[in-house]
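This briefing sets out the overall organisation of one protein and then turns to selected residues. Please read it alongside the sequence and the coordinates.

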Amino acid sequence: MDRMIRQINLSIRIMNSDEIKKLERIGALSERLLNALKPSEDKRGMYNAEIRIYDYCELVSIIRNLMKLCIIALDNDSAEVPPTVLNQNIDVGLILGIALQLFPIDEFELINEISYLYKDMKEETKADSM
């Protein structure tokens, strides 16, 4: 009986060791790939997303283009920027460039890696139960 308990404890330790290794791998992947959001310094559970711009002129251009796009989206009957706005052209490429910067590609890579780890764990569980 004692021998059987020792074997079970050894099996549990081995299983836990494998699980710990997988958790450590997920932790390492998270450290490397979870970088689209940075915790805000005010500790309210909020995060900051970062965009890269050249200068204040580009920032102003982004804001103006977003506002023009919103005006058109709100008033789809007339579907045009009001004539009181001097430059009525909308730089959609600029807006899409910002959206691409905010797209969390690394986080999707993390999800992909976790799905592989999960698949491996599932296959190991099936093999152990046979």
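Contact here means heavy atoms within 4.5 Å. On that basis, among the contacts between residues at least 6 apart in sequence, 54% join residues at least 24 apart. The model is predicted, and the protein in it has 4 helices and 2 strands.

**Overall organisation**

- Read from the N terminus, the elements follow the order α-β-β-α-α-α.
- The protein has 130 residues, of which buried residues make up 13%.

**Helix α4 and Glu113**

- Helix α4 spans residues 105–129 and includes Glu113.
- Beyond its neighbours within four places in sequence, Glu113 is in contact with Arg25 and Leu29.
- With Arg25, the contact involves a polar pair: the side chains of Glu113 and Arg25 make a polar contact at 3.3 Å.
- Leu29 lies 84 residues from Glu113 along the chain, yet the C-alpha atoms of these two residues are separated by 8.1 Å.

**Nonpolar surface patch**

- Phe103, Ile105, Phe108 and Ile111 make a nonpolar surface patch of about 440 Å².
- Phe108, one of the patch residues, belongs to helix α4.
- The relative accessible area of Phe108 is 47%, so this residue counts as partly exposed.

**The loop between the strands**

- Ser40 is placed in the loop that links β1 (37–39) to β2 (47–49).
- Is Ser40 buried or exposed? Ser40 is buried, because its relative accessible area is 10% and the cut-off for burial is under 20%.
- The side chain of Ser40 is joined to that of Asp42 by a polar contact of 2.6 Å.
- Setting aside residues up to four places away in sequence, Ser40 touches Met46, Tyr47 and Asn48.

**Cysteines and disulfides**

- A disulfide is a covalent bond between the sulfur atoms of two cysteines.
- How many disulfides does a search of the whole structure find? The search finds 0.
- Cys57 has a relative accessibility of 60% and therefore counts as exposed, the threshold being over 50%.
- Cys70, at 45% relative accessibility, counts as partly exposed.

Methods:
Residues are numbered from 1 along each chain as its sequence is written. This is a predicted model: local features need pLDDT of at least 70, side-chain atom pairs count only at pLDDT 80 or more; totals for chains, interfaces and linings use all residues. Side-chain values use heavy atoms; hydrogens and water are left out. A polar contact is a pair of N or O atoms within 3.5 Å; within protein, one must be able to donate a hydrogen and the other to accept it, and residues adjacent in sequence count only if both atoms are side-chain atoms. Buried means under 20% relative accessible area, exposed over 50%, partly exposed in between (1.4 Å probe, protein chains only). Patches are made of residues with over 30% relative accessible area and no salt bridge: like charges are joined within 9 Å, nonpolar side chains (Val, Leu, Ile, Met, Phe, Trp, Tyr) within 5 Å. Accessible areas come from the Shrake-Rupley method with a 1.4 Å probe; for residues, only the protein chains shown count as cover. A salt bridge is a side-chain nitrogen of Lys or Arg within 4 Å of a carboxyl oxygen of Asp or Glu. A disulfide is a pair of cysteine sulfur atoms within 2.5 Å.
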